[in-house]
Amino acid sequence: MAMTEGANRYLPDYSSHPVQHHFSPYSDNGGSIVSIAGDDFVVIGSDTRLSSGFSIHTREQSKLFQVSNSTVLGSTGCWCDTLTLTRLVEARMKMYEHSHNKVMSTPAIAQMLSTMMYYKRFFPYYVSNVLAGLDTEGKGCVFSYDPIGHFSRSDYRAGGSAGALLQPLLDNQIGLKNQEGVTAAPIPLKRAVAILKDVFISAAERDIYTGDGIEIKIITKDGVRTESFGLRKD
Amino acid sequence: MTKRVNTTKMAQFGSDAFAAKSFWHNGPAPGASYNFPNMRSSSGEEEMQRSQTPITTGTSVLGLKFDNGVIICADTLGSYGSLARFRDCQRVMKVNNNIAVGVGGDYADFQYLKRVIDQKIMDEHIADDGFALKPKALYTWLTRVMYNRRNKFDPLWNNYVVGGMQEGVPFLGAVDLRGMAYQDRHIATGYGSYIALPLLRDAADKNPNMSLQQAKEIMEKCLEVLYYRDARSFPKYQMAIVTAEGVTVSDVLEVKSNWEVAHMISGF
């Protein structure tokens, strides 16, 4: 056989015996994000609890980052990665503005975020991102990501520690999945905000990493408006 | 001894030149990731163990905002595992006239970073441009330093609590060994996050605009409770107070403790 020289041959990719580190660069700091898009608006909310395991670091940590007048990024997971990533996004937004003399559109930011995430493919940012904004036509849009940069556009998304808990609820209430005798109609802003609050109240009941409060950002053509709402603190 | 095999030699002496080339030569194993050229390979010889363990350590650091300033407290014990080895390890630091920092975790790593911070302040002093480092700038800088070291798998094993006055408003923030950071009205690290933080939260909720004197009393109570229950704590501590007037780091003070009920404890 041509290529066999026993186990001693030097193939760096194959000689990956495990290295012991008792230091983990990642921590799970919890937090959930929900975003719902309408015809001419988008709402995005996140809880305000920052925790590690059973300890709550702070009850007042915003996880929403306004990157432009019509785009808000929600980011949870490993908080040190969130801090780094969002700071980098902010810098890239400024660089784009200075070189093109315009603000990046939401779909463009969405693509950039994917590229920035995939750049760290082999040492990923361990975060769950939901990007909400208005697209170039003024329609609400939601982009969601996995930690290595895969993304997709949708009308509603739940992410973060209670993401798996909330997504099926949104599928039913907003996507009208598994419902009979209903006709799909565009969701009004009031209902979107009401669902968002209800959904977080439910998440706080079952997910210990979600609670304390929520911050809601409502994005319309007139700009971004912020609301806050209390959740259970236990 | 090097494991590297001369690849040209391998091609020359391949026993069967007509045999099919192995699929994806030198590529990663299924499910493994590719090692890009000119990057550190993961072969045994080039490996080194970077991430250490903390050796001489300080326990909790406490921080609390009051109506017109910030207090930071930490005891002066340098623990060597369970041995209370160094009894005068001061780990509350005045950075400049508007920042104080309290540090927990590895004392050597703190001493290293203290030198770096002191040099930063000296450089600024030499520039003599009338600007002074602000607490938020130091806090953000610390997140970057800590995050950088965690990316190298060689963390500075510390918790930093930064307190100060930012444009006349009290600032209090914490940074951990991964570069994870947050700001709050009250901060406690280590065992303090279990024992002192609930006391601080309770006090701050009941009295949102507490005075310096009230804040001092709460901090003293927290240090006392920590001394009772944290086995790595010590009854000697320092307290830094930052207000618009400047930074004062106290001398080494003593925790007022009461052991009157100790003789009644039994059952062990």
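Modeller: Helices are DSSP runs of H or I with at least four residues, strands are runs of E with at least two, and both are numbered from the N terminus. By that reading, A:Thr82 has its place in helix H1 of chain A. This is a predicted model, in which local features need pLDDT of at least 70 and side-chain atom pairs count only at pLDDT 80 or more, while totals for chains, interfaces and linings use all residues. Residues are numbered from 1 along each chain as its sequence is written, chains are lettered from A and ligands numbered from 1 in the order in which they are written, and side-chain values use heavy atoms, leaving out hydrogens and water.

Biologist: Does A:Thr82 count as buried or exposed, and what does A:Thr82 touch?

Modeller: Buried means under 20% relative accessible area, exposed over 50%, and partly exposed in between (1.4 Å probe, protein chains only). A:Thr82 has 0% relative accessibility and so counts as buried. Contact means heavy atoms within 4.5 Å. Not counting residues up to four places away in sequence, A:Thr82 touches A:Phe65, A:Ser75, A:Thr76, A:Gly77 and A:Val127.

Biologist: Which strands of chain A does helix H1 lie across?

Modeller: Angles run from 0 to 180 degrees between N-to-C directions, and axes are lines fitted to C-alpha atoms, for helices over the stretch in contact. Helix H1 (residues 79–100) of chain A lies across E5, E6 and E7 of chain A, at about 160 degrees to E6(A).

Biologist: What is the order of the strands in the open sheet of chain A?

Modeller: Strands of a sheet pair through backbone hydrogen bonds, either parallel or antiparallel. Here two strands pair if DSSP finds at least two bridges between them. The open sheet has 5 strands in the order E5-E6-E7-E8-E9 (chain A), paired antiparallel. Strands E5 (64–68) and E9 (151–154) of chain A are at the edges with a single partner strand each, so one side of each has no neighbour in the sheet. From one strand to the next, the twist averages 20 degrees. Within the sheet, E6 (residues 71–77) and E7 (residues 127–134) of chain A are antiparallel over 7 bridges, and A:Ser75 has A:Asn129 in E7(A) as its bridge partner.

Biologist: How many residues lie between E3(A) and E4(A) in their hairpin?

Modeller: There are 2 residues between E3(A) and E4(A), and A:Gly53 in the turn has a positive phi of about 60 degrees. The antiparallel strands E3 (residues 50–52) and E4 (residues 55–58) of chain A are joined by 3 bridges; A:Ser51 is paired with A:Ile56 in E4(A) as its bridge partner. A hairpin also joins E11(A) to E12(A) through 2 residues. There, 8 bridges join E11 (residues 213–220) and E12 (residues 223–230) of chain A, which run antiparallel.

Biologist: At what angle do H1(A) and H2(A) pack?

Modeller: Two packed helices are described by the angle between their axes and the distance between the axes. H1(A) and helix H2 (residues 106–119) of chain A pack at about 130 degrees, their axes 11 Å apart. Angles under 35 degrees count as roughly parallel, over 145 as roughly antiparallel, 65 to 115 as roughly perpendicular and the rest as oblique. H1(A) and H2(A) are therefore oblique to each other. The contact involves A:Leu85, A:Leu88, A:Val89, A:Arg92 and A:Met93 of H1(A), with A:Ile109, A:Met112, A:Leu113, A:Met116 and A:Met117 of H2(A). Counting Ala, Val, Leu, Ile, Met, Phe, Trp, Tyr, Cys and Pro as nonpolar, Asp, Glu, Lys and Arg as charged, and the others, Gly among them, as polar, the contact of H1(A) with H2(A) has 9 nonpolar, no polar and 1 charged.

Biologist: At what angle do the axes of H2 and H3 of chain B cross?

Modeller: The axes of H2 (residues 107–127) and H3 (residues 135–151) of chain B cross at roughly 140 degrees and come within 13 Å. H2(B) and H3(B) are therefore oblique to each other. From H2(B), B:Tyr112, B:Leu113, B:Val116, B:Ile117 and B:Lys120 make the contact, and from H3(B), B:Leu138, B:Trp141, B:Leu142, B:Val145 and B:Arg149. These residues of the contact of H2(B) with H3(B) comprise 8 nonpolar, no polar and 2 charged.

Biologist: How many helices and strands does chain B have?

Modeller: Chain B has 5 helices and 14 strands, and 45% of its 268 residues count as buried. One of the chain B strands, E11 (residues 186–188), holds B:His186. B:His186 counts as buried because its relative accessibility is 4%. Apart from neighbours within four places in sequence, B:His186 is in contact with B:Gly63, B:Leu64, B:Leu172, B:Leu197, B:Leu200, B:Arg201 and B:Ala204.
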